[in-house]
Each structure stands twice: as structure tokens, then as C-alpha cells.
Amino acid sequence: MRHLANLSLVESVLSSAALCGVRAAVAFALVGIVGCRALAPTVSLPARNTVVLEQLVVYTDFQLPKQHRLMGELTALRTDLSAKLSLPVSDEPIHVYLFESADQFRRFMQRNYPEFPSRRAFFVETDTRLAVYAFWGDRIAEDLRHETAHGYLHSVVPDLPLWLDEGLAEYFEVSRGHEGVNAPHIEELMLRFNQGGWRPDLARLERLESVADMTQFDYAESWAWVHFMLHTTKERRDVLFRHLTQLRERVPPTPISVTIRETGPRVHESLVEHVMELERQANR
Ligand SMILES: [Zn+2]
């Protein structure tokens, strides 16, 4: 998910159903969180150990092996993302705070970011700092890939549209070697399609301004558009690359919902066919 910078929040990782699916309950949950703010005990940021992994600076209060496979994957994500999106790399530090337990993480977030919804992890961008907050739980690999992808992206591309920011993070949260194929999203999209309820609408996604307004299904469709552009034709890939270049050069970009139409007819049907083909490949 993406966070709040200046303070705008990019939501955390909730690519998966458990977290993103409860978005409707967020407003209700926030009442409870804000109400407890004065009572939340102080929890310090992890600081005992620091590991520098190129652009990432990882802080923990527990011992983290420097050769940990996940850490290697997160480091590789920097160059993978750069190569896949034709972007430069940055040296701007991304501070990654890894709490040992979910309880410590939640207490820290309630105390310091009481306005944030309840999530497993967050990426927070301010005017001066890129930071990730997460805890060492069962889904830490997916969570950290998602959040550090936000970090790598924000260090080189300003003002990413929300849907594209999340669609890219959902793409890069998939472990290496799977070409960004996000199986839970394929399942959700095809289930809805087979029930007659999915009509892709990129212009609608482009109007989303807050992660609180994004449903799990919006995350899935955002991912699908990203995968479609990156894995079908050169023309569609170039649409994405040009959009990222315009953002980097601070040229007001033409919405992708407009430029993608120039790549051929029936683009929405082609998107659905692409996801159907991914489902067929997964079932082979
Ligand atoms: Zn995100």
C-alpha cells in the first residue's frame, strides 16, 4: 500500500485479500484508533542493528543475517525495477524499520500515525525522507517487496498517480522469477469476470485519489494494466515508459487511459484476454 507524503499516505502492502479487502471498514476502525491515541504506550523505532544494503538502510532490534535471502532479493529488486521500467537508480536512502512483532509495530503506528488505517506495513514519504515500516511476520517477504518497490519508485519518479503506484508495487511484490504474475489478482479478476461483473475502466482508476477509496479489486485491476503494458506489445510498453519519463521531467503527463488507445482497438477486451491467458498458463 502506499503512504502519506508531506504527509500523503501510500498504502501498505495489502495486495492480498486479507488486508486490502477490509478497506470498507477503515473509517470505522480509525475511530477506535484515534480514540486510543492518548493511551497508546511509547514504542521506539528499531535501532539496535543497522544493515546497509545499497539504497536500503534496514533497522532492527533483532539480529538479521546480512546474507538473508530476502535481503538479497530486496537489493536485487532495485536493479530489476530499474531494468524493467527503463528507469535510472537513485542513491537516496530508503529507511526500513523492521519491528520484531506485530504488536510492537501496531503500537508504534498507533502512537505516531494514528490517522493511518490498520495495515501490515507502510511506506511513508515526506519532503525529506523515504521510510518503510513493517514487522517480521509470515508475509514479510511480500510486504517488503511491495513497500521497497514504492521506495525505489518514489526515489526516481515524482507524483506517480495512485493507481499506477499501487499497480507497479503489486507487480514487483511478486517474488523473483515469476514475471510479476500475481496469482491472487488473476483469480479475483477472473472470478468477477465470469460472474459478468468486470468491465475494465482505467479512467475510473485514474480518478482515485486516496488509498482509502481503493478496493482490493482496484488493486487487482491496477496490477493487470501494469502487467498488460509490460508483457504484451512494445507499443504498450512504450506508453508506460513515456508516462514515467513525463513524470520524471515534470511534464504534465497525458493519462494512460488516453495514450493506451493509440496502441490499437479493443484495448479493454485485450486486457481481459491477457488476464485470461495468464489464468490458462497458471492452470497448465
Ligand atoms: Zn502500496
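Mentor: Residues are numbered from 1 along each chain as its sequence is written. The model is predicted, so local features need pLDDT of at least 70 and side-chain atom pairs count only at 80 or more, while totals for chains, interfaces and linings use all residues; side-chain values use heavy atoms, without hydrogens and water.

Trainee: What makes residues 183–194 the helix α7?

Mentor: A helix is a DSSP run of H or I with at least four residues, numbered from the N terminus. Helix α7 has 12 residues. The expected span is 1.5 Å times one less than the number of residues. For α7 that gives 16 Å, and the end C-alpha atoms are 16 Å apart, so the two agree.

Trainee: Why are some residues of α7 called buried?

Mentor: Buried means under 20% relative accessible area, exposed over 50%, and partly exposed in between, with a 1.4 Å probe and protein chains only. H185, I186, L189 and M190 of α7 are buried.

Trainee: How do you know that they lie on the same side of α7?

Mentor: Take the directions from the helix axis to the C-beta atoms. H185, I186, L189 and M190 cover an arc of only 120 degrees around the axis, which puts them on the same side. On the other side of α7, E187, L191 and N194 are exposed.

Trainee: What covers the buried residues of α7?

Mentor: Contact means heavy atoms within 4.5 Å. The cover includes α6 (162–172), α9 (216–231) and α12 (267–282).

Trainee: What makes a space a cavity and not a pocket?

Mentor: In a cavity, a 1.4 Å probe fits but cannot get out. A pocket is an open set with protein on both sides within 12 Å along at least five of seven lines. Lining residues have an atom within 4 Å of a point.

Trainee: How many cavities of 30 Å³ or more does the search find?

Mentor: It finds 1 in the whole structure. About 50 Å³ of space lies in the largest cavity. Its lining takes its largest share, 3 residues, from α3.

Trainee: What lines the second largest pocket?

Mentor: It has 14 lining residues, with D80, F172, V174, R176 and G177 nearest its centre. α3 (69–85) and α6 each give two or more. α3 gives the most, 4 residues.

Definitions and conventions
Grid points are joined across faces, edges and corners, and a volume is the space filled by probe spheres set on the points.
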